[in-house]
Amino acid sequence: MTTTQTSVVQDLGTLAHSLSHPAGARCVCEPPQVLADRPDGTVVRSGVIVAKAHAADTDHEALAARIALAAAPQLTGILLPPLSAPGQSLTAPDPSGGPRHPESSEPPAPAPRPVTLWPLGAPVDPTDPGAAPWAEAADLLARLHRTEPPFRLPAMRGPAKAARAVARMRAALPGDPAVLPVLAGWRALPAWARGEVPAPARRAGFLCHGDLHLGQLVRHPAPDGPWLLIDVDDAGTGDPAWDLGRPAAWYASGLLAPEDWFAFLDAYRSAGGPAVPADADPWPELDVPARALTVQTAALALAKCAVEQRHPDEHEQLMIESCARIATLPPELATDHAS
């Protein structure tokens, strides 16, 4: 962890502690706990408060809209509401390096990272995969997708995240043949799924989470409250099938048990989710998002392996091999999406 990263973590811990600890009371609090520390989000908990520093290149206006969405009454019982709007900021290095004069020896000026505050929730237990709340996640998604956007929102960032993952892989492994199956799968996608053009209008107006996985669910109030979706950094309007794409990709790759996939799909349909037909083959709608999220997962795995100087593990290799297969599949299933 760099000095600046350490500073951000400490500042977040101090902020969360100041809000969680009663004023004037003797402090017997545990040290702040780092829940995540990545360039796109540093999350620190103290007591019942969670402080998050968002990416330095965050669009502040778009983030404000997404935080307002999480606080909107229409989303009560679906999204975890924030404790604050993104009004504070911490200083952290700009991941792009920032512009500077070519002859300057000075480092680029640090960019502020917007900070948001959240109540603590109890996450999914990673040691108990049998208790994973697939049906509950599907019900929340269906309710989210059925909700009319309460105000103007930015586009859901799912395709943009996939494109960023591929760019990260390319930068980590320039010229390495290991990336070729992933790039083949990427090039086989329609332009909208690569974030190059907007999604087809017929599918673009739904309220979406944008980055659904089991790590995006918590029970609130902890530890036994109802499940809620968290992390609205990628939320917005778009194709609701994208939110089903990751579990669909895992099922198609053999990483998600059929009983879990069908519990998820059945719960989504039972709750009136609009991403797939109620009683027909779901794959014409799920095919493109599942392919895109297969590529995204494989690209991130290869980039991580490069940094850690290791070979892909069994699960990562399955996703990479899936990219080679989907690059050879006929594009007919994507016809409607790609139009």
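1. A crossing of two helices is left-handed if the near helix is turned anticlockwise from the far one by less than a right angle, and right-handed if clockwise. By that convention, α3 passes α6 in a left-handed crossing. The contact involves Trp134, Leu141, Leu144 and His145 on the α3 side, and Asp243, Leu244, Pro247 and Trp250 on the α6 side. Sorted by type, the residues of this contact are six nonpolar, one polar and one charged. The model discussed here is a predicted one.

2. Overall content. The protein chain has ten helices and ten strands. Its length is 339 residues, of which 45% count as buried. Among contacts in the protein chain with a separation of 6 or more, 74% come from residues 24 or more positions apart.

3. Geometry of the α3 and α6 pair. Two packed helices are described by the angle between their axes and the distance between the axes. Here the axes of α3 (residues 134-146) and α6 (residues 241-253) come within 10 Å and cross at roughly 150 degrees. Angles over 145 degrees count as roughly antiparallel, and α3 and α6 are therefore roughly antiparallel to each other.

4. Helix α3 itself. At 1.5 Å a residue, the 13 residues of α3 should span 18 Å, and the distance between its end C-alpha atoms, 18 Å, agrees with this. The buried residues in α3 are Trp134, Ala137, Ala138, Leu140, Leu141, Ala142, Leu144 and His145. An α-helix has 3.6 residues a turn, so residues three or four places apart point the same way. What do the buried residues of α3 pack against? Their partners are the strands β7 (206-208), β8 (217-219) and β9 (227-229), together with the helices α6 and α7 (258-270).

5. The α4 and α5 pair. Helix α4 (residues 158-172) packs with α5 at an angle of about 150 degrees, the axes being 11 Å apart. α4 and α5 are therefore roughly antiparallel to each other, and their crossing is left-handed. On α4 the residues that meet α5 are Ala162, Ala163, Val166, Met169 and Arg170; on α5 the residues that meet α4 are Val182, Leu183, Trp186 and Arg187. This contact divides into seven nonpolar residues, no polar ones and two charged ones.

6. Ala191 lies in the loop between α5 (180-187) and β7. With a relative accessible area of 26%, Ala191 is partly exposed. Leaving aside residues up to four places away in sequence, Ala191 touches Glu196 and Val197. Ala191 and Pro159 are 32 residues apart in sequence, and their C-alpha atoms are 9.5 Å apart in space.

7. Which residues are joined by a cis peptide bond with omega of about 0 degrees? These are His220 and Pro221, and Pro221 is in the loop between β8 and β9. A cis peptide bond also joins Ala222 and Pro223, with omega of about 5 degrees. Pro223 is likewise found in the loop between β8 and β9. A reader checking the backbone may wish to look at both bonds.

8. Asp231. Phi of Asp231 is near 65 degrees, a positive value in a residue other than glycine. Asp231 sits in the loop between β9 and β10 (236-238). Is Asp231 buried or partly exposed? Its relative accessibility is 23%, so Asp231 counts as partly exposed; the cut-off for buried is under 20%.

9. Helix α8 and Gln309. At 1.5 Å a residue, the 26 residues of α8 should span 38 Å; the end C-alpha atoms of α8 are 35 Å apart, which agrees. Just after α8, Gln309 takes a positive phi of about 55 degrees, and Gln309 is a residue other than glycine. Gln309 is placed in the loop between α8 (283-308) and α9 (314-326). At 75% relative accessibility, Gln309 counts as exposed.

Note on methods: Residues numbered from 1 in each chain as written. Predicted model: local features only at pLDDT ≥ 70, side-chain atom pairs only at ≥ 80, totals over all residues. Heavy atoms only, no water. Axes fitted to C-alpha atoms, helices over the stretch in contact; angles between N-to-C directions. Helix = DSSP H or I, 4+ residues; strand = E, 2+ residues; numbered from the N terminus. Parallel < 35°, antiparallel > 145°, perpendicular 65-115°, else oblique. Contact = heavy atoms within 4.5 Å. Nonpolar A, V, L, I, M, F, W, Y, C, P; charged D, E, K, R; others polar. Expected span 1.5 Å × (residues − 1). Buried < 20%, exposed > 50% of the residue type's maximum accessible area, 1.4 Å probe, protein only.
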